[in-house]
Structure formats: C-alpha cells, structure tokens
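Me: I would like to go through this model with you at the level of strands, domains and chain contacts. Could you have it open while we talk?

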Amino acid sequence: MARLTVAKTYKMYIGGKFARTESGRSIAIKNLQGDVAAHICHGSRKDFRGAVECATDAFPSWTNITGYLRGQILYRMAEMLEGRRDEFASAIQTTQKMTVTAARKEVDASVDCLVQFAGWTDKFQQVLGCANPVAGAYYNFTVPQAQGVVVVIAPQTPSLLGLIALLGAPLCAGNTVIAIGSDINPLPAAILGEVCQTSDIPTGVINVLTGSQAELYEHIASHRQVAGIYSASLAKKHRVVIEQGAADSMKRVRFSTLDNEAWYDGNATASPWNIEPFVEMKTIWHPSAC
Amino acid sequence: MTIATQTNATEWDYSPAPDTTKITIEQKNKLFIGGKFVSPKSRSWFPTINPATEKKLADIACAGKVDVHSAVSAAKSALPKWSRLSGTERAKYLYRIARRIQERAREFAILETMDGGKPIKESRDVDIPLVAQHFFYYAGWADKLAYAFPGAAPTPVGVCAQIIPWNFPLLMASWKLAPALACGNTCILKPAETTSLTALRLAEVFQEVGLPDGVVNIITGKGDTGRFLAEHPAVNKVAFTGSTEVGKLLMRQTAGTGKKLTLELGGKSANIIFADAAIDQAVEGIVSGIYFNQGHVCCAGSRLFVEEPILEEVIHKLTRRLSTLRVGDPLDKNTDLGAVNSKEQLKTVERYIRCGVAEGAELHQTNTGELPAKGYWCNPCFFTDVQPSHTIAREEIFGPVLSIMTFRTPEEAISRANNSPYGLAAGVWTDKGAKIFEVAKKLDAGIVWCNTYNKFDAASPFGGFKESGFGREGGMQGLRPYVRLGGV
C-alpha cells in the first residue's frame with residue numbers, strides 16, 4: 001500500500017515564530033483537482049498589529065547594521081530559497097496551472113531577484129545619494145535612510161516572485177517588512193517564513209501573514225506605525241482605500257506597475273528606483289573652515 | 001559731553017535707511033494664461049496689502065473654476081511641443097530667465113518686501129539670489145536627465161499644478177517651476193493669496209524671454225482656486241508647499257487618481273546645542289534658526305534643546321543678542337525682523353504666545369523697542385520652563401517664538417528631537433566630529449544643519465520625513481518629482 005504522506009500545517013511567520021492566527025480562522029485552499037490541499041491561516045487585524053510591533057522592534061538594529069552584513073543575510077536567504085527550489089515549485093503548482101518548467105522558472109527568478117537585492121544593500125546609497133556642490137564654504141551631502149516598517153501586499157500572481165520582488169526593495173534599504181501573501185495562491189508565502197528562519201534574518205525583520213488581503217487594507221493604511229506600503233496589481237477601489245487611509249500619518253505608498261513578463265526582468269524588479277520610494281533623503285550641511 | 005554719552009551703547013541708533021519704493025505696481029493684476037495677462041472670467045478681485053503699512057497695494061484677480069480650466073488647458077496644449085523640445089533648448093530658456101531675474105533683482109526684492117513684509121536685506125540677499133540660482137541650476141539639468149536617473153529613461157510627468165505659500169513667495173515659485181520646466185513639464189502656478197505680486201512679475205519675465213505660451217500659467221486666488229486646480233482631471237501632478245493639514249487633504253483628494261504628488265509641509269524642527277559647541281556661534285545659529293523671516297519658515301529651529309550645563313550661559317547670550325535685533329520697517333536696510341505677513345497670522349502667533357504663558361512656560365520678550373503704529377508686528381521672543389507636552393513645543397507656530405528645553409545625554413536629545421510627527425529639519429552644534437555625524441544620522445529629519453542653520457542652495461535637496469511631507473526640492477533629487485521613470 002502506498003505510504004500516507006505527512007502534510008504540512010501552514011502557519012504565519014510573526015516575530016520569528018510560526019504562529020497560527022489569534023482569530024482561530026482558516027481558509028481552505030483547493031488544489032487544481034478541487035481537493036482541499038491545506039487550510040491556511042486567515043490572519044486578522046490583531047495579527048497584523050502584533051506583526052507591526054515585532055517589525056518596529058526589529059527596525060533599529062536591522063537599519064543600523066552595515067550594508068555589507070545586510071547583503072550577506074539577504075544572500076543567505078537566496079541560498080536557502082535555492083535549496084527549497086522543488087518545494088516552492090510544487091507549492092506554486094498546487095493552485096496554479098503551471099508546468100514544472102514554468103514553476104521552476106518563477107522560483108529561479110525569485111532567487112536571482114534576491115541575489116540582486118543582496119547586492120544593492122551597500123550600493124544603492126551611492127546611486128541615490130550624492131555630494132552637493134553648494135555655492136558656499138560648506139560640505140553638503142545627501143544620503144538615503146530607511147523609513148521604518150513597510151507593508152508589502154503581494155500580487156495574486158506571480159505569487160512567489162511578486163512577493164520576493166516587492167519584499168526585496170524595502171528590505172535591502174534597511175526597512176523591516178510585513179508581507180501579506182497572495183489570497184488565491186498563499187502557499188509560497190506560507191512557507192517563506194521557513195526560509196527566513198534558516199537564513200539569519202533577525203527576528204521581526206520579515207513577518208508574513210496570509211488570509212484575505214482586502215480585509216486588512218484599511219487597517220494597514222491607518223496604522224500610524226507603518227511608514228510605507230508597497231503593492232502591485234491592486235484594483236482601483238483598493239488603491240483609493242489605501243491612499244486615503246495613508247494620508248493621516250502620511251505614509252509613503254507605492255503601487256508597482258510591474259506585470260506579466262516584467263516580473264521576470266531582474267533589471268526592472270531590482271531597479272534602485274524601486275528602492276528609492278522606501279528611503280528618505282537626508283541632506284547634511286557642515287561649514288568648511290579652519 | 002558727547003564722548004561720555006557714547007559709552008552708553010544703547011543710545012546709539014542707526015539712521016533710517018529705507019530702500020526706494022519707486023516701482024510701479026499695476027492696479028489690477030490679471031491672470032497669466034497662455035502667455036497673456038487676462039481678466040478673470042469669475043469677474044472677482046481681491047486686494048493685496050502691505051503688511052507693514054496695512055495700505056492696499058493693488059487688486060488681484062481671483063481665478064474661478066472656468067479660469068482654472070483655461071489655465072490647465074493652456075498648459076496641456078503647450079505640453080507636446082515643450083516636452084519634445086531638445087533639453088538644451090529648454091535649458092537656454094531657463095538660463096535666460098535666470099539672467100533676467102538677476103537683472104531685475106532689485107525690483108523683485110523691493111516688491112517682495114512690500115507685498116510680504118520680509119526685511120529687504122533678506123529678500124535682497126537671500127530670496128532673490130536663490131531664485132536666480134534655482135533657474136540657473138536646473139537649466140543645466142534639462143539636457144542631462146538621463147545621467148540623473150541611470151537606467152530609467154526619464155520622461156516628463158505632464159501638466160503640473162503647483163501651489164505655493166506666502167513665506168518665500170518668489171523663491172517657492174522658482175523651487176517649483178525650475179525643475180518642472182527643466183524636465184519638460186508645463187505648469188500652472190498658484191501663488192498664496194497674500195503674496196501674488198512677484199509671481200505675476202515673473203510672468204512678465206517669461207514674456208520678455210519668449211517662453212512659449214502656456215508653458216507656465218499663473219493663476220492667483222484664494223483656497224478654492226487651489227482646490228479647483230488640484231482637482232482638475234487634466235492635471236498629472238500636484239506639488240504643494242504649505243500646512244500639513246492641507247497636505248493631508250490633498251493626499252485624500254488625489255487618492256486613486258494616479259496623480260503624482262509631492263508635499264513640503266510643516267515642521268517643528270529641533271536645534272540641539274551640546275556643551276562642547278562654540279556657544280557664540282551657536283547663539284547666532286539659534287537666532288537665524290528661529291527669527292529669520294519673522295519665523296515664517298517651515299524648517300525654523302523652533303524647539304531648542306540645550307545641554308544642561310550651558311543653559312544659563314545660552315539664555316544670557318541669547319537675551320543680549322535678542323535686544324540688538326531691530327524690528328520695524330522691512331524696507332529699511334538695517335531691519336532684522338520685518339512685518340508679520342498678515343493680520344490673521346499675527347493673531348495666530350499671539351494666540352500661541354498666550355497659550356505658552358497659560359500652560360506655565362516663562363516668556364522672555366526682551367526686545368521691547370517701539371513698534372510702528374500701523375502694520376502687523378511681533379517682537380522676537382523665547383520661552384523657558386517648557387515641557388514637551390506644551391502646545392508651543394508641539395505645534396508649528398510660524399512666528400518668532402522659540403521654546404527652550406534641556407537634555408543630559410545625546411540619546412535623550414535624539415529621542416526628544418525625534419518625538420514629533422514632523423521631520424523637516426534639525427540643527428546640531430558640537431565641536432566633536434564623530435558626535436555630530438552620529439547625531440545627524442539618528443535624527444529623523446530631511447535636512448540636518450551641523451554647526452549652522454537655515455542655509456539654502458539650489459544644489460541642496462530640501463524636504464521632510466514623516467508628516468513634513470515627501471519628495472525633495474533642490475539638487476539632483478529635486479528632479480525626481482517631475483519625471484516618470486521607465487521600466488519600474
């Protein structure tokens with residue numbers, strides 16, 4: 001008789017722990033054959049608030065470590081993702097009609113995208129910042145600085161690559177992140193925590209929630225400890241909710257226009273101009289005299 | 001004997017040194033749309049006054065919905081040609097504008113001072129030279145944009161609505177217009193209600209240099225005019241400098257429209273003085289930080305944090321320095337503080353001063369010289385015994401009012417400085433190099449002035465963190481709000 005496989009219980013990843021939602025809710029995810037493949041956590045507003053606290057606590061140390069170290073940690077994450085290539089490919093295929101080749105292509109592109117962001121950690125400052133030749137005896141320069149907690153709302157597809165591409169930009173600049181996985185293809189997000197856990201990502205730097213994205217928009221947009229929001233492929237009505245809610249604490253909101261094949265173009269996903277919305281430019285003046 | 005009386009320095013005084021006011025001002029100032037001055041279809045006008053004399057200077061057109069629409073249409077029609085013009089040709093127009101402003105600098109400075117109330121030495125030595133510099137600086141970028149955005153193929157955003165405040169009227173116009181034009185956009189500029197005259201004179205410059213019709217349109221008016229402009233569906237970009245309250249409204253208003261937005265808003269900037277600072281220089285920095293332009297400066301160093309051991313010395317020196325500041329006729333070249341921009345603003349500042357006293361802080365208003373009978377005046381002052389929870393320590397006053405607090409450790413200074421929803425600017429004073437950079441790094445502020453304050457330059461980006469807005473003006477980063485980038 002065939003061996004009964006041991007199925008994984010999918011959890012969210014908050015503050016370095018694999019947690020079930022406090023709400024006790026779950027959503028059944030059906031595979032392409034129509035069978036229930038898993039029950040994923042239906043994260044709540046309270047889970048989100050908890051994640052914001054973890055991300056806030058993690059911010060000072062993540063943003064203050066050197067770019068060199070941050071780069072090594074992100075590179076380590078890419079190594080761990082590469083090691084789980086088959087698992088992610090099959091997670092993608094669970095809910096999406098894709099060939100093995102196509103699913104692997106998405107995983108490979110995700111790994112490569114992370115490698116690109118790992119490389120940016122100690123370089124984007126040099127591309128986005130500069131010394132300013134002011135007309136006077138001053139030394140003047142502009143440097144980018146991370147904003148704080150950024151919420152990443154993954155596109156529905158590509159569920160893994162979209163998530164990684166949106167996560168990499170704020171993360172490499174020294175922001176901490178709360179990622180909300182794709183509603184219809186949540187499995188890659190649900191196992192991403194395992195990659196974080198094994199790749200030296202400090203506690204709270206990446207937090208992953210699953211469930212219903214739309215249910216959280218208003219709370220994400222109005223939470224005063226959230227500094228930025230990054231998403232792609234959102235319907236206009238949802239963009240309105242997010243931008244209106246973001247006004248009160250003046251969050252930095254960015255809707256990526258990447259779609260379809262563009263997600264597979266590393267020059268587009270890992271452009272420094274995707275990092276730029278999640279840094280603040282600080283200009284420092286000092287007199288020059290003796 | 002004369003010599004004996006001269007030892008008493010306070011009896012010496014400057015003779016009045018008023019600048020000439022012989023400049024002509026049109027009695028009816030029309031809207032500048034499509035390269036022509038046109039009467040408002042709204043048929044509505046409002047007076048602009050000199051805040052130092054309360055006398056009416058002229059009538060200004062109040063643009064209504066129809067006028068706004070015709071200005072936006074003019075900008076839209078001018079866009080294809082202007083955006084396709086070669087960068088070098090666009091640059092040449094901007095260079096011409098910069099040159100013409102330099103030639104007419106004196107006239108602009110006097111008009112700015114008459115309409116806005118700021119001391120002539122500031123409009124003459126700071127505002128107008130910076131206006132010319134901004135056009136000159138951004139002119140050079142017009143044909144070099146690809147180098148500012150490597151790998152991203154920058155293209156213009158389109159029709160830009162630019163709404164500016166009354167504290168640096170012409171300077172704010174140049175901050176908005178110069179980068180927008182360099183990047184190939186066309187603009188509709190809406191000056192503040194109380195300070196329209198210099199912007200309209202700038203329109204004359206645009207005519208003189210032959211700037212193509214409709215590339216810049218200037219519509220004067222009140223709050224509604226600005227609202228109609230920002231709401232107009234053909235506008236691709238809204239750039240606003242002003243209050244955080246209005247900034248938030250604009251953010252809600254443009255939500256979901258795809259309009260690009262940049263906001264340069266309020267501040268409650270911290271000026272931190274360590275015990276090891278050069279105290280005399282720091283005191284000068286406090287003065288230029290909070291009393292420059294009557295404190296009508298979004299980045300004013302309005303919260304002063306002094307390391308405890310030097311508090312007494314700083315207060316002593318500041319008190320002495322304050323008594324030498326001359327408040328009065330803005331056209332007098334010796335004047336340090338001119339008139340408050342409007343009656344309304346004066347009332348606001350006075351309300352905050354009363355509030356500071358009522359909440360228990362101690363008011364020091366040592367400059368008690370006689371003020372002119374007419375006009376809106378506020379003597380420079382500071383508060384001690386200020387608690388972080390006091391209204392005067394939290395809210396933007398936009399007047400010559402300083403709140404002084406103390407700290408014991410760098411960590412305390414940083415955390416108290418950052419404890420504000422604003423994040424526009426900060427000052428740090430210390431002779432220790434490593435300390436200055438560590439503190440500068442940890443302050444949540446878009447501009448950090450180290451051992452200096454309130455310095456501005458076209459090549460230096462300006463703009464805030466947090467609720468002080470987003471986007472930068474000035475420098476290479478100041479181009480970003482006016483381009484769309486390909487491939488991202």
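Me: Which way do Lys237(B), Ala239(B), Thr241(B), Val238(B) and Phe240(B) point from β10(B), and are they buried or exposed?

Reply: Lys237(B), Ala239(B) and Thr241(B) point one way from β10(B), while Val238(B) and Phe240(B) point the other way, and all are buried. Buried here stands for 20 or more other C-beta atoms within 10 Å of the residue's own, exposed for 12 or fewer, and partly exposed for anything in between, with C-beta atoms placed from the backbone. In a regular strand the side chains alternate between the two faces of the sheet. Please note that this is a predicted model, in which local features need pLDDT of at least 70, side-chain atom pairs count only at pLDDT 80 or more, and totals for chains, interfaces and linings use all residues. Residues are numbered from 1 along each chain as its sequence is written, and chains are lettered from A and ligands numbered from 1 in the order in which they are written.

Me: How many residues of strand β10 of chain B are buried?

Reply: Five of the five residues of β10(B), which covers residues 237-241, are buried. Strands (E, at least two residues) and helices (H or I, at least four) are DSSP runs numbered from the N terminus.

Me: Which strands does β10(B) pair with?

Reply: Strand β7 of chain B (residues 159-163) is joined to β10(B) by four bridges, and the two run parallel. Within that pair, Ala161(B) has Val238(B) as its bridge partner. Strand β11 of chain B (residues 260-264) also pairs with β10(B) in the parallel sense, over five bridges. There, Lys237(B) is partnered by Lys260(B). Two strands are taken to pair if DSSP finds at least two bridges between them.

Me: What lies between β10(B) and β11(B) in the crossover?

Reply: The chain passes through α10(B) on its path from β10(B) to β11(B), and this β-α-β crossover is right-handed. Right-handed is the term used if, with the strands pointing away from the viewer, the path from the first strand over the helix to the second runs clockwise.

Me: Let us turn to Pro165(B). Where is its place in chain B?

Reply: Pro165(B) sits in the loop between β7 and α7 (169-182) of chain B. Pro165(B) is buried, with 21 other C-beta atoms within 10 Å.

Me: And which residues does Pro165(B) touch?

Reply: Leaving out residues up to four places away in sequence, Pro165(B) touches Met172(B), Ala192(B), Thr241(B) and Gly242(B). Contact requires that the C-beta atoms of two residues, placed from the backbone, lie within 7 Å. The C-alpha atoms of Pro165(B) and Glu193(B) are 8.4 Å apart, although 28 residues separate the two along the chain.

Me: What are the domains of chain B?

Reply: The domain assignment, which is automatic or from a database, gives domain 1 (28-265 + 468-484) and domain 2 (270-458) of chain B. Their centres, taken over C-alpha atoms, are separated by 30 Å. The contact takes 22 residues from domain 1 and 25 residues from domain 2 of chain B. On the domain 1 side, α4 (105-116) and α5 (120-141) of chain B each supply at least two residues. The most come from α5(B), with seven residues.

Me: Now the other interface. How many residues of chain B are in contact with chain A?

Reply: 34 residues of chain B are in contact with 33 residues of chain A. On the chain B side, the elements giving two or more residues are α10 (244-253), β19 (447-450) and β20 (465-466). The largest share, four residues, comes from β19(B). By class, this side of chain B has 17 nonpolar, 10 polar and seven charged residues. Nonpolar covers Ala, Val, Leu, Ile, Met, Phe, Trp, Tyr, Cys and Pro, charged covers Asp, Glu, Lys and Arg, and polar covers the others, Gly among them.

Me: Which strand of chain A is joined to β19(B)?

Reply: Strand β12 of chain A (residues 279-287) is joined to β19(B) by three bridges, and the strands run parallel. Thr283(A) has Ile447(B) as its bridge partner there.

Me: Finally, how many helices and strands does chain A have?

Reply: Chain A has 11 helices and 12 strands. Of its 290 residues, 56% count as buried.
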